[in-house]
Amino acid sequence: MALKNANVESRKPMTKAVQIEMAGGPEVMQLVAVDLPRPAPGEVRIRQTAIGLNYIDTYHRSGLYPVKFPSGLGLEAAGVVEDVGQGVAGLKAGDRVAYGNGPIGAYAQARNIAAARVVKIPASIDDQTAAGMMLKGITARYLLRATYKVKAGETILLHAAAGGVGLIASQWTKALGATVIGTVGSAAKIDTAKAYGCAHVINSSTENVVERVREITGGKGVPVVYDGVGKDTFMTSLDCLSLRGLLVSFGNASGPVVGVELGILASKGSLYVTRPTMGSYIGTEAEMQETTADLIDMVQSGKVKIPVNQRYALADVVQAHRDLAARKTTGTTVLIP
């Protein structure tokens, strides 16, 4: 009987996935074999062809955003539907799909995921583009069209303009008829930021960002700052705002913003600050479908291009995270299972 059970166990579907047993540096990630059962009701199984790498993945890995161990990593990917669970309508085996809002566990050769979280990808968008555009593109869309509705003729400030979200948001803002002032961390990234929509680029490592923004805007400042950097740029962002301007703090690349004295907002011009999350803007299936449809339209139109500038094998995920932390990457990075 024991031998029979062992044979049954050996026939369980398996896949390889990155998992962590504890929070820490890139070295805590391991590519291991895991069980992959049939999709549950309402789920689909996706054989993944490309996986998006995002800065939020490092937050989950490091413990900045706590996860339950053992845990997978990654929130976006593209691939082909292999199987569907009971009750799934609108998706079938062979459909090309992508997702960008989790749940965590995208660093895998294959996975099961709720059908409501995935969208079909048109033939005009390749798998690597699809994998790299979802989370960052959804982020750019809710920032520019919901958190603050950017209007034609406005000038906005966008930090980390040569990053994944930055390059998409810059192009989208330009398509809306607004002007983008982008910051970058090195001279090497200036041309990239300009090529993807920034009218003005400030090298924050050598230039005074506040002075340059005031110079560009004739002393007025900007109505909105999009800041995915966090701690290191928070005060700079406030000082770049115009009267009653809005700081959209949507990331923590340099660490979380803590210890803010609200009186600062009053003294600097009755400013506003928001800390948005994706879940608050695509919490319903209708919101998610509207957002992703808008994103797909922008990419298909050519107004937003997704630069896949780095590719790593899934087995090389440790090096990919190291390069991301060292700011050696630009645009979109994908892992290939």
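Here is a short walk through this structure, from its cores to its strands, loops and cysteines.

The model is a predicted one, in which local features need pLDDT of at least 70 and side-chain atom pairs count only at pLDDT 80 or more, while totals for chains, interfaces and linings use all residues. Residues are numbered from 1 along each chain as its sequence is written, and side-chain values use heavy atoms, with hydrogens and water left out.

Let's begin inside. In soluble globular proteins, nonpolar side chains tend to be buried together. A nonpolar core here is a set of buried Ala, Val, Leu, Ile, Met, Phe, Trp, Tyr and Cys residues joined through side-chain atoms within 4.5 Å; buried means under 20% relative accessible area, exposed over 50%, and partly exposed in between (1.4 Å probe, protein chains only). The largest such core has 50 residues, and Met133, Trp172 and Tyr226 touch the most other members. Several elements each supply at least two residues, including helix 4 (164–175), strand 11 (222–227) and helix 9 (285–301). Helix 3 gives the largest share, 10 residues. Helices (H or I, at least four residues) and strands (E, at least two) are DSSP runs, numbered from the N terminus. If you click on Tyr226, you will find that its contacts beyond four places in sequence include Leu143, Ile156, His159 and Phe250; contact means heavy atoms within 4.5 Å. Another core, of 27 residues, lies apart, with Val18, Ala106, Ile113 and Ala115 among them.

Now for the strands, which pair if DSSP finds at least two bridges between them. Strand 3 (residues 43–53) and strand 4 (residues 77–84) are antiparallel partners with seven bridges, and Arg45 has Asp83 as its bridge partner in strand 4. Strand 4 is also joined to strand 5 (residues 96–99), again antiparallel, by four bridges; here Gly79 stands opposite Val97.

Two loop residues are worth a look. Ala89, in the loop between strand 4 and strand 5, counts as exposed at 69% relative accessibility. Its C-alpha is 8.5 Å from that of Ala115, 26 residues apart in sequence. Thr330, in the loop between helix 10 (317–325) and strand 15 (332–336), counts as buried at 17%. Beyond four places in sequence, Thr330 touches Ala162, Lys189, Asn309 and Gln310.

Finally, how many disulfides are there? With a disulfide taken as a pair of cysteine sulfur atoms within 2.5 Å, the count is zero. The cysteine sulfur nearest to that of Cys198 belongs to Cys240, 14 Å away, so the Cys240 sulfur is too far for a bond. Cys198 is buried at 6% relative accessible area, and Cys240 is buried at 0%.
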